[in-house]
Amino acid sequence: MKFNKETFEIIFFARAGQGAKSIAESLAQAAVSEGKFVQAFSFYGPQRSGAPTKAYVKISSNPIRNHEPITDPDVVVVLDDTLVTSEDVGKNITEHESVIVNTRKNEEEIRKSIRDFKGNIKAIDANGIALDTVGIIQPNGVILGKLIGVTEIVKLESVINQFREIFEKKIGVELTQKNILAIERGYDAL
Amino acid sequence: MIPNTKYKIPNTKKVALTGGAASAEALRQINPFVMPVYPITPQTPIIESFAKICADGKADTEIITVESEHSAISAAIGSQAAGVRTVTATSSQGLALMNEILYIASGMRLPIVMLISARALSAPLNIHGDHSDVMGARDTGWIQLFSETVQEVYDNTIIGTKLAEKSELPIMVVMDGFTTSHNVENLELLSDEIVKDFVGEYKNENALLNVDKPVSYGPVALANSYFEFKLDQEKAMDEVVDNCKKVMKEFKEISGRKYNLFEEYHMEDADTVIVVMGATAGTAKDAVDKLRKEGKKVGLLKIKLFRPFPYEAVAKALKNIKSVAVMDRAISSGSMPALYSEINNTLRYADLNDIKINSYVYGLGGRDIFIKDIEGIFNDMMGGKVDKKVRYIK
């Protein structure tokens, strides 16, 4: 991680429908609740379900003025492992930085499939954990937990509070609770 | 999104919202009577957020879902002329489709508030941000107020409502499509009571539905009177500059946020200056900071009020500089870009003939612009690369 940089920058690679935008916004709101400054935005291409999509989050202790897209992320999150080869997920990831991947493959297998990759791979079977906790293959909560566990960019508690605030009205108490469990499982996963 | 339950706090509240949601928040507080609207990307977060607010009973605005933007602006004219506060929102082809009716709104002196998430124009088809749509409507008699940040979108929606009504002219409150409309950023919301008190109750002295005082809107005015109507309208437009200063000053009293017709950033001793509007001003500020650290005397002038263009004030701000680069996010086909032309006019207006000027066009159809691109512009200017041709930052 480049903690020396003023702004911490994250890119999420996902397929439309996997909920990358939701977790990008939950993370941004969690950072705001801790008094930080954020930007959270998505790349808008053809929005058909399953199409490759990107979401960006910037977090800083100071107001963020520039509206550049992120080209040199501090961490990358990949919600679908088929994107590892089709998208440039390892670009500008250095040896102290990580790519977090939702996959059943092992870390070495993923590492080999990214060309000239110098960073770390953090693999997690977010689909499996989601199926176990939420009952559906919706990996976003699990991988959000993992992201917090790897970077500690915000407190887990802040994310859970924000998640509850945003989603309880939308999806009900029971499903929200299950998703929070998924976030916690992701956070605790080694 | 932030749940609505927290809005009862009487002072300011720190949140993070998209530009679209922030303008919808301002609309909730203003609670306009009518909003005729038709969806188009990237204006959708505005109406999507506001429709939800209305469905949740947090505002009682009559949303009319019309069949086109031409109908949206026509219905807005009917409603505002009838005597009630009316808003709408659009982008791109939607604004282009409204074009003939825009002149009717301004000619009838109806202070309609229109939120615009600025986007490229087809063909070829492109849904992303630039200023082509707004520039196409720049001479329609509407006030145009540009926003850099989500905070400014929120503030300009409130300021714009009061400014339009004070000036009896319609206003476009502009945000950059996607870059601002879809970007979650931090902002401070004012309390409902303060905003409601600030904009006050809308009173139209010449309301069409006032049966005690019958009036006509949009009658025929032939060669014997049309000219005078237009001059009266232009007089009202000229007064917008002073009105805008006044409304922004009043806004500072309720918000603590100091705004002007434009923002000056490190202009105090600047030799080389960039003039720009909208979201790119934030990126340009970082470029200014970077070059200032290297001891370069660079500055930024961010235009907020584009129509009417405040020539006198801009000339005063530019009078001591050596060179200026103007960044436009739209092409004026067959002509020089719009903002560049205005800065050129400004230099002539004040006889500032020694100031060198360059034109740059950037960001068409959502093309990204980086701090290093803006540094490159400053370096062109400082290195004497100044001529009469338009440069394109691709």
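**View 1. Ile116(B) and its bridge partner in E7(B).** In this predicted model, Ile116(B) pairs with Val174(B) of E7(B). Strand E5 (residues 113–118) of chain B and strand E7 (residues 171–176) of chain B are joined by 6 bridges. The two strands run parallel.

**View 2. The open sheet of chain B.** The sheet has 5 strands, in the order E4-E5-E7-E6-E12. Its pairing is mixed. Strand E4 (87–90) and strand E12 (305–307) of chain B each have a single partner strand, so they stand at the edges with one side lacking a neighbour in the sheet. On average, neighbouring strands of this sheet are turned by 25° against each other, direction ignored.

**View 3. Helix H9 of chain B and its cover.** H9(B) spans residues 280–293, 14 residues in total. From first C-alpha to last it reaches 20 Å, close to the 20 Å expected at 1.5 Å a residue. Buried residues of H9(B) include Thr280(B), Ala284(B), Val288(B) and Leu291(B). Among the elements that cover the buried residues are strand E10 (272–276), strand E11 (298–303) and helix H12 (371–382) of chain B. Just after the helix, Gly295(B) has a positive phi of about 85°.

**View 4. Where chain A meets chain B.** Here 19 residues of chain A are in contact with 20 residues of chain B. Helix H1 (20–33), strand E2 (37–43) and helix H6 (156–171) of chain A each give two or more residues to the chain A side. E2(A) gives the most, with 6 residues. The chain A side divides into 9 nonpolar, 5 polar and 5 charged residues.

**View 5. Strand pairing between the chains.** E2(A) and strand E8 (residues 184–189) of chain B run antiparallel, joined by 2 bridges. Gln39(A) stands opposite Glu185(B) of E8(B).

Terms used. Residues are numbered from 1 along each chain as its sequence is written. Chains are lettered from A and ligands numbered from 1 in the order in which they are written. This is a predicted model: local features need pLDDT of at least 70, side-chain atom pairs count only at pLDDT 80 or more; totals for chains, interfaces and linings use all residues. Helices (H or I, at least four residues) and strands (E, at least two) are DSSP runs, numbered from the N terminus. The expected span of a helix is 1.5 Å times one less than its number of residues. A residue is buried if 20 or more other C-beta atoms lie within 10 Å of its own, exposed if 12 or fewer, and partly exposed in between; C-beta atoms are placed from the backbone. Two residues are in contact if their C-beta atoms, placed from the backbone, lie within 7 Å. Two strands pair if DSSP finds at least two bridges between them. Axes are lines fitted to C-alpha atoms, for helices over the stretch in contact, and angles run from 0 to 180 degrees between N-to-C directions. Ala, Val, Leu, Ile, Met, Phe, Trp, Tyr, Cys and Pro count as nonpolar, Asp, Glu, Lys and Arg as charged, and the others, Gly among them, as polar.
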